[in-house]
Amino acid sequence: MKKKKTEVKISRETREGKVIRNMGSAYVVRFADGSVANCRVKGNFRIKGIRTTNPVAVGDLVDVARSADDADYIVSIHPRRNYIIRRASNLSKESHIIASNLDRAVLVASLKDPATPTTFIDRFLATAEAYNVPAMLLLNKADIWDEDDRELADAILYLYRSIGYPAYAVSALTGEGIDQLRDIFAGDVNLLSGNSGVGKSSLINALVPGASLRTGEISDIHHTGTHTTTFSEIVDLPGGGEIIDVPGVKGFGVIDFDPAEVSHYFPEIFKAGADCRYSDCRHTGEPGCAVAEAVANHTISESRYNSYLSILEEAIDSDKYRKPF
């Protein structure tokens with residue numbers, strides 16, 4: 001006969017704080033007076049309609065209560081004004097909230113060592129659009145570019161700027177663009193995300209003297225990065241504001257996109273789509289499709305259009321899975 005588990009008694013008195021570090025099974029919460037506490041999540045918290053692998057995310061405002069055994073528990077999450085979310089893995093039907101309550105989602109990418117695919121960039125930007133987070137693109141490691149790389153970087157930066165995204169070339173090593181980033185980030189909550197090895201930790205070390213985040217070497221065989229950030233955490237900026245540093249990811253799977261709304265998350269496709277013959281045009285070969293014409297005329301880039309199609313295909317497959325047969 002199984003022994004009945006004793007329920008931990010938790011006080012009704014709570015303190016409001018902000019989650020500043022996710023350590024997997026525990027969270028560090030900072031309170032208004034600057035004090036911090038290592039907190040666990042109340043046992044039945046996960047079953048209250050939360051469909052993610054992590055019920056609590058860095059950036060969350062939470063209520064913390066003390067238990068009878070002097071442990072601190074997160075007992076509720078305040079409504080999030082926004083968040084960035086991705087599919088937990090390519091084969092998973094679960095999602096993972098990267099961070100919440102953001103002023104800006106910054107994607108750190110690199111042209112080589114390792115190269116960031118444009119599909120990864122577009123998936124990140126589309127997710128930011130879907131969850132109402134202003135987004136920015138940084139091309140890091142400008143110090144290792146040759147003339148051809150610089151020309152490619154200029155083309156990529158021009159593409160995303162023309163769509164409406166702030167985009168910059170930076171180098172944590174030489175300091176290119178770092179002062180400008182300090183001014184942009186000041187006073188805001190800034191998520192820094194990207195593939196492993198793109199130099200997020202090096203950028204944070206350049207922006208925040210004394211941060212001393214670990215940096216990793218690039219694999220000589222596969223030219224891919226190593227994971228140096230183990231847990232998500234907030235790093236305070238010297239002039240005010242915060243950077244949320246998160247582990248690097250290999251892919252960025254979107255989740256819970258409505259097929260009819262995917263085009264809304266590509267600003268240039270959404271704008272061109274207003275001129276399609278049919279209001280429900282999905283831009284996949286329908287007659288009178290203004291988006292197809294714009295791609296043919298190179299006013300919409302082929303890489304962006306292909307990213308749109310790949311996300312649309314995933315959304316359609318997920319939609320079929322959700323609907324009863």
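The paragraphs below go through a predicted model, from its overall make-up to single residues. Local features are taken only where pLDDT is at least 70 and side-chain atom pairs only at pLDDT 80 or more, while totals for chains, interfaces and linings use all residues. Residues are numbered from 1 along each chain as its sequence is written, and side-chain values use heavy atoms, with hydrogens and water left out.

The protein has seven helices and 13 strands; these are DSSP runs numbered from the N terminus, with helices (H or I) of at least four residues and strands (E) of at least two. Of its 325 residues, 48% count as buried, where buried means under 20% relative accessible area, exposed means over 50%, and partly exposed lies in between (1.4 Å probe, protein chains only). A contact means heavy atoms within 4.5 Å. Among contacts between residues at least 6 apart in sequence, 66% join residues at least 24 apart.

With strand E3 (residues 36-41), E5 pairs in the parallel sense over three bridges, and Val41 has Ile74 in E5 as its bridge partner. With strand E4 (residues 61-67), E5 pairs in the antiparallel sense over five bridges; here Val62 stands opposite Ile77. E4 and E5 make a hairpin with four residues between them, and Asp70 in that turn has a positive phi of about 65°.

Strand E8 covers residues 104-110 and includes Arg104. Is Arg104 buried or exposed? Its relative accessible area is 15%, so Arg104 is buried. The side chains of Arg104 and Asn190 are joined by a polar contact of 2.4 Å. A polar contact is a pair of N or O atoms within 3.5 Å; within protein, one must be able to donate a hydrogen and the other to accept it, and residues adjacent in sequence count only if both atoms are side-chain atoms. Not counting residues up to four places away in sequence, Arg104 touches a set of residues including Val133, Pro134, Met136, Ile184 and Phe185.

The chain then runs into the loop between E8 and helix H1 (118-130), where Pro114 is placed. Asp113 is found in this loop too. Most residues other than glycine have a negative phi, and most peptide bonds are trans. Asp113 has a positive phi of about 55° although it is not a glycine, and the peptide bond from Asp113 to Pro114 is cis, with omega near 0°. Asp113 counts as partly exposed because its relative accessibility is 27%.

The expected span of a helix is 1.5 Å times one less than its number of residues. For the 13 residues of H1 this gives 18 Å, which agrees with the 18 Å between its end C-alpha atoms. The buried residues of H1 include Phe120, Ile121, Phe124, Leu125 and Ala128. After H1 comes Asn132, whose phi is positive, near 60°.

Ala172 lies in the loop between strand E10 (167-169) and helix H3 (178-185). At 23% relative accessibility, Ala172 counts as partly exposed. Ala172 and Ala142 are 30 residues apart in sequence, yet their C-alpha atoms are 8.6 Å apart in space. Leaving aside neighbours within four places in sequence, Ala172 is in contact with Asn140, Ile178, Ser202, Leu203 and Ala206.

Rings of Phe, Tyr and Trp (its six-membered ring) pair if their centres lie within 6.5 Å; planes under 30 degrees apart count as stacked, over 60 as edge-to-face and the rest as tilted. By this rule the count comes to four aromatic pairs. One of them, Phe266 with Tyr308, is edge-to-face, at 5.8 Å centre to centre and 80° between the planes. Phe266 lies in the loop between strand E13 (242-245) and H5, and Tyr308 in helix H7 (residues 302-322), so the pair ties together parts that are 42 residues apart in sequence.

His283 is placed in the loop between helix H5 (267-273) and helix H6 (290-296). Its phi is positive, about 65°, although His283 is not a glycine. At 4% relative accessibility, His283 counts as buried.

Technical notes:
Pairing = 2+ DSSP bridges.
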